[in-house]
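Visitor: I am new to this structure and would like a close look at a single part of it, the sheet, together with what surrounds it. Please take me through it slowly.

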Amino acid sequence: MNYVDDDASSGSGDDGNLLDGQNKRPSVTPSSSGRRKRSRKATGDAIVDAMLEIAAASKMRASAIMKNEDRFSISKCIKVLDEMQDKSTGLDDLDIELDEMELVAAAAGYYYYNSITRQIRCSSSPSGSGFLNVVLEGPDDLCREMFRMEKHVFHNLCYTLRHRGMLRDTAGVMIEEQLAIFLNIVGHNERNRVIQERFQHSGETISRHFNNVLKAIKSLSREFLQPPNICTPPEILNSNRFSPYFKDCIGVIDGMHIPAHVPAKDQSRFRNRKGVLSQNVLAACTFDLQFIFVYPGWEGSAADSRVLRAVLDDPDQNFPHISEGKYYLVDTGYSNMEGFLAPYPGVRHHLHEYRGANQLPRNAKELFNHRHSSLRNVIQRSFDVLKTRFPILKLAPQYAFHVQRDIVIAACVLHNYIRHEERHDWLFSGIEGVTVDELPDFDEQPELQFASSIQEQIASSLRESIAGVMWNDFLNKWDQW
């Protein structure tokens with residue numbers, strides 16, 4: 001659409017007369033050029049008044065345009081203005097010059113063009129259950145994109161929620177559509193207004209069903225966030241690099257920082273060491289990329305070791321029991337103690353530090369740290385899949401903080417549910433065998449006085465024995481390191 005340059009008319013000084021609030025033309029004494037030069041604000045007021053007159057006089061024409069599926073153009077708008085002027089419809093009293101008429105026509109045309117095309121788009125594009133049907137009956141890729149899961153996984157989840165009475169169909173919104181609304185929000189970080197347009201429901205309806213689905217999925221956490229198997233995981237058992245050295249390892253623990261939206265009075269506590277407002281989420285996962293335990297809600301300034309200590313000291317958190325002799329892998333932000341095996345401090349342990357010319361380890365501690373980090377990378381891959389599937393976790397959503405916390409739990413539950421229902425899900429398949437670079441630790445040193453001396457001695461002895469056997473095999477077997 002071409003817009004008329006209003007500078008061409010205002011530069012001439014031949015502006016039309018103004019209208020007051022009563023649509024009366026004031027008397028103006030002609031200047032040397034024959035007319036008084038109007039201010040920009042006054043010109044804008046005249047244009048607004050003229051647009052209202054045009055809108056009132058053009059309702060029938062707008063209806064005809066929609067009926068004939070014709071598009072509004074500036075030239076047609078100008079023609080209508082001329083015809084209206086010839087028929088003395090009242091615009092003669094406005095005393096608007098032709099150049100200003102063109103400007104008004106451009107504005108009115110743009111307004112009508114947008115309103116008409118928007119109405120046509122709403123009537124022709126799928127909305128509400130229509131949108132849901134298009135996605136479920138369309139290509140598989142469309143369902144993956146919009147609902148972040150395969151079609152059969154979506155249907156199975158709907159069946160579970162309906163069969164267990166966690167959700168119920170309402171007069172206007174079926175459970176399938178309720179779940180679709182929720183997945184669209186967390187899977188695309190969409191705002192309520194966008195979802196209103198897409199599903200053709202009010203903001204209150206969207207919000208209500210979002211919260212209902214969030215509550216229902218969160219209630220599945222006890223079923224799908226399960227303690228790990230005490231047997232040696234196949235990912236360790238079938239690897240010469242990890243077996244038999246880590247045969248008693250049952251999982252990995254790490255912290256995950258999720259951007260947070262909090263009131264100004266709480267921002268200092270939630271600002272992490274990178275200066276970003278976040279919540280520190282403690283997470284444990286298996287080597288099958290499934291989450292065992294999730295504890296969100298801690299302020300971003302809290303150290304990882306402090307969060308873990310709070311969980312272990314609070315029985316109500318239901319942290320999975322660690323059988324004797326078993327342990328989780330943790331990074332340098334945690335204490336090396338019984339049940340939690342950390343790398344050697346002060347020794348390179350990030351995978352990128354073993355690339356290039358410094359590829360080979362030089363001693364037992366470096367070899368241990370490299371394999372420890374390689375095995376621990378599974379939790380970074382789990383985080384990567386989680387955030388890729390649910391981008392709402394990459395940005396701070398505008399929800400109350402308790403809702404932000406619950407979204408993290410629900411996302412982890414859905415993550416595990418999808419892994420259980422479809423092992424060859426496209427995101428899980430894409431991360432297999434991939435090493436995800438670990439971000440620099442927020443806490444390179446754990447808080448002091450976390451573990452007792454006895455716990456530290458037990459863990460240190462275990463680490464020394466693993467590193468010794470591993471180094472001895474490395475010197476005598478050069479096929480893998």
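Guide: What follows goes from the whole protein to the sheet, strand by strand, and then to the parts around it.

The model is a predicted one, in which local features need pLDDT of at least 70 and side-chain atom pairs count only at pLDDT 80 or more, while totals for chains, interfaces and linings use all residues. Residues are numbered from 1 along each chain as its sequence is written, and side-chain values use heavy atoms, with hydrogens and water left out.

The secondary structure of the protein consists of 20 helices and five strands, where helices (H or I, at least four residues) and strands (E, at least two) are DSSP runs numbered from the N terminus. Of the 481 residues in the protein, 48% are buried; here buried means under 20% relative accessible area, exposed means over 50%, and partly exposed lies in between, with a 1.4 Å probe and protein chains only. Among the contacts with a separation of 6 or more, 68% are between residues 24 or more positions apart, a contact being heavy atoms within 4.5 Å.

The five strands form an open sheet in the order 3-2-1-4-5, with mixed pairing; two strands count as paired if DSSP finds at least two bridges between them. Strand 3 (291–299) and strand 5 are the edge strands, each of which pairs on one side only.

Strand 1 (residues 249–259) is joined to strand 4 by three bridges, and these two strands run parallel. Within this pairing, Gly251 stands opposite Tyr328 in strand 4, and Val252 has Leu329 of strand 4 as its bridge partner. Strand 1 is also joined to strand 2 (residues 278–285), this time by eight bridges and in the antiparallel sense, with Gly255 standing opposite Leu282 in strand 2. Strand 1 is mostly covered, since eleven of its eleven residues are buried.

Strand 2 pairs in turn with strand 3, again in the antiparallel sense, over six bridges, and one of the pairs there is Gln279 with its bridge partner Glu299 in strand 3. Strand 2 and strand 3 form a hairpin with five residues between them, and in the turn Leu289 has a positive phi of about 70°. Strand 3, too, is mostly covered, with nine of its nine residues buried.

At the other end of the strand order, Asn336 lies in the loop between strand 4 (327–329) and strand 5 (340–341). Asn336 counts as buried because its relative accessibility is 11%. A polar atom of the Asn336 side chain lies 2.9 Å from the backbone nitrogen of Ala342. Leaving out residues up to four places away in sequence, Asn336 touches Leu341, Ala342, Glu456, Ala459, Ser460 and Arg463.

Another residue to look at is Gln267, which lies in helix 14 (residues 267–270). Gln267 counts as partly exposed because its relative accessibility is 25%. Not counting residues up to four places away in sequence, Gln267 touches Val262 and Leu277. The C-alpha atoms of Gln267 and Gly300 are 9.4 Å apart, although 33 residues separate the two along the chain.

The last topic is the packing of nonpolar residues. In soluble globular proteins, nonpolar side chains tend to be buried together. A nonpolar core is taken here as a set of buried Ala, Val, Leu, Ile, Met, Phe, Trp, Tyr and Cys residues joined through side-chain atoms within 4.5 Å. The largest nonpolar core has 83 residues, of which Phe147, Phe154, Phe182, Phe246, Phe291 and Leu393 touch the most other members. Helix 18 (residues 401–421) gives the largest share of this core, eleven residues. A second, separate core of 19 residues includes Ile250, Phe293, Trp298 and Ala342. Apart from its neighbours within four places in sequence, Leu393 is in contact with Ile258, Pro259, Leu386, Lys387, Ile407, Val408 and Ala411.

How values were computed:
A polar contact is a pair of N or O atoms within 3.5 Å; within protein, one must be able to donate a hydrogen and the other to accept it, and residues adjacent in sequence count only if both atoms are side-chain atoms.
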